[in-house]
Amino acid sequence: MSTQYTDRVIEGMQSLYGKGFLSPGGPDEMQVFLECVDLTGCHVLDMGCGIGGASIMLAGTFGADHVTGVDIANDLVERAKVAAEAADVGSKTSFQPLETGVLPFDDGTFDVVFIKDVVCHIEDKNGIFAEVARVLETGGRLMCADFVDGERADELSQLYQDWIDAMAAYGLSFHFTKLDAYSGACEAAGMGDFTVRDHTALSAKAAEKEVTFLTGPDCGPLHEVLGEEKFAARIQASTMRFGALDSAALRHVHMYATKR
Ligand SMILES: C[S@@+](CC[C@H](N)C(=O)[O-])C[C@H]1O[C@@H](n2cnc3c(N)ncnc32)[C@H](O)[C@@H]1O
């Protein structure tokens with residue numbers, strides 16, 4: 001399967017989020033997300049690895065023994081391979097495309113499953129967390145960052161819908177739900193100790209910074225890369241993400257759970 005991210009969108013995202021990242025927050029968020037986790041000696045699955053920025057940090061900065069990155073988009077997987085080699089973590093990483101929602105690994109293969117801003121793109125939350133639990137060994141840990149419905153999602157549904165429409169114009173589709181859907185799916189899949197660290201305020205700040213950059217004097221090169229239409233959609237998407245996060249229509253959370 002090829003990506004929903006075009007070359008231009010990928011370039012635009014990296015210049016906003018950081019090299020190797022297709023999700024907001026990039027390397028700064030990784031430090032926050034990983035601060036309570038020790039990956040020494042771990043085999044980590046990076047589910048929805050995109051172009052490999054997180055996998056590279058997990059294997060490099062955070063000292064995982066090995067990181068396996070998977071993604072439904074073959075072209076992104078190919079980019080991740082090249083990036084990992086260039087970052088000198090080629091021997092500690094491997095990347096492969098996924099054909100379906102089924103993870104092509106034996107039961108209990110991984111110590112840690114890492115997922116950054118991917119599950120909001122997947123409709124079947126129960127199905128994906130059942131697969132995650134299956135490939136985790138007993139005592140293995142899930143760490144999942146994602147955007148979920150905020151407490152005012154229903155009340156502010158128009159603002160929220162406008163943002164989803166703006167993202168669709170930028171080429172991205174979402175299946176947002178309440179946090180309960182994640183905790184319920186983890187519980188049903190046999191993962192306990194579900195804990196949540198709220199990252200909404202920092203994500204709102206990151207979105208606000210994007211808007212300042214996109215509407216400021218230094219946005220010229222990105223404007224050129226994206227072209228008029230995509231650049232306008234990009235400003236709208238960042239502005240609305242900030243609005244949705246700032247008004248509690250949307251939350252951004254870091255979730256952790258342990259396979260029983
Ligand atoms: C917002 S990007 C995040 C990429 C990466 N985790 C990062 O933080 O840079 C979402 C990624 O999820 C991938 N994706 C979407 N649905 C997926 C699925 N069912 N299984 C695996 N990857 C998926 C997309 O191809 C894309 O690379």
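Predicted model: local features only at pLDDT ≥ 70, side-chain atom pairs only at ≥ 80, totals over all residues.
User: Moving on to the core, which residues have the most contacts inside it?

Analyst: Within the largest nonpolar core, which has 75 residues, the ones with the most contacts are Val 44, Leu 58, Val 113 and Val 132.

User: What is Val 44 in contact with, leaving aside its neighbours in sequence?

Analyst: Once neighbours within four places in sequence are set aside, Val 44 is in contact with Leu 39, Leu 58, Ala 64, Val 67, Phe 110, Asp 111, Val 112 and Phe 114. One of these, Val 67, is also the bridge partner of Val 44 in strand E2.

User: And how do E1 and E2 pair?

Analyst: Strand E1 (residues 43-47) and strand E2 (residues 66-71) pair in the parallel sense, over 5 bridges. Of the 5 residues of E1, 4 are buried, so this strand is largely enclosed by the rest of the structure.

User: What about Val 113, which residue does it stand opposite?

Analyst: Val 113 stands opposite Leu 142, which is in strand E5. Strands E4 (residues 110-116) and E5 run parallel and are joined by 6 bridges.

User: Why is E5 said to be largely enclosed?

Analyst: Strand E5 is described that way because 10 of its 14 residues are buried.

User: Switching to helices, which residues of H2 are buried?

Analyst: In helix H2 (residues 26-33), the buried residues are Gly 26, Glu 29, Met 30 and Phe 33. Seen down the axis of H2, they fall within an arc of 110°, so they line one face of the helix. As background, an α-helix has 3.6 residues a turn, so residues three or four places apart point the same way.

User: What covers those buried residues?

Analyst: The cover over the buried residues of H2 includes helix H1 (7-17), helix H3 (53-59), strand E5 (136-149) and strand E7 (250-259).

User: Which residues are buried in H1, then?

Analyst: The buried residues of H1 are Val 9, Gly 12, Met 13, Leu 16 and Tyr 17. Viewed down the axis of H1, these fall within an arc of 110°, so they line one face of that helix. After H1 comes Gly 18, whose phi is positive, near 120°.

User: Which loop holds Asp 117, and is that residue buried or exposed?

Analyst: Asp 117 is found in the loop between E4 and helix H5 (125-135), and Asp 117 counts as buried because it has 22 C-beta neighbours inside 10 Å. Although Asp 117 is not a glycine, its phi is positive, at about 55°.

User: Where is Asp 88, and is it buried or exposed?

Analyst: Asp 88 sits in the loop between helix H4 (74-86) and strand E3 (93-97), and Asp 88 is exposed, with 11 other C-beta atoms within 10 Å. Asp 88 is not a glycine, yet it has a positive phi of about 65°.

User: Last one, where does His 223 sit?

Analyst: His 223 lies in helix H9 (residues 220-246), where it is partly exposed, with 16 other C-beta atoms within 10 Å. The C-alpha atoms of His 223 and Thr 239, which are 16 residues apart along the chain, are separated by 16 Å.

Conventions
Residues numbered from 1 in each chain as written. Helix = DSSP H or I, 4+ residues; strand = E, 2+ residues; numbered from the N terminus. Buried ≥ 20, exposed ≤ 12 C-beta atoms within 10 Å, placed from the backbone. Core = buried A, V, L, I, M, F, W, Y, C linked by C-beta atoms within 7 Å. Contact = placed C-beta atoms within 7 Å. Arc of directions from axis to C-beta. Pairing = 2+ DSSP bridges.
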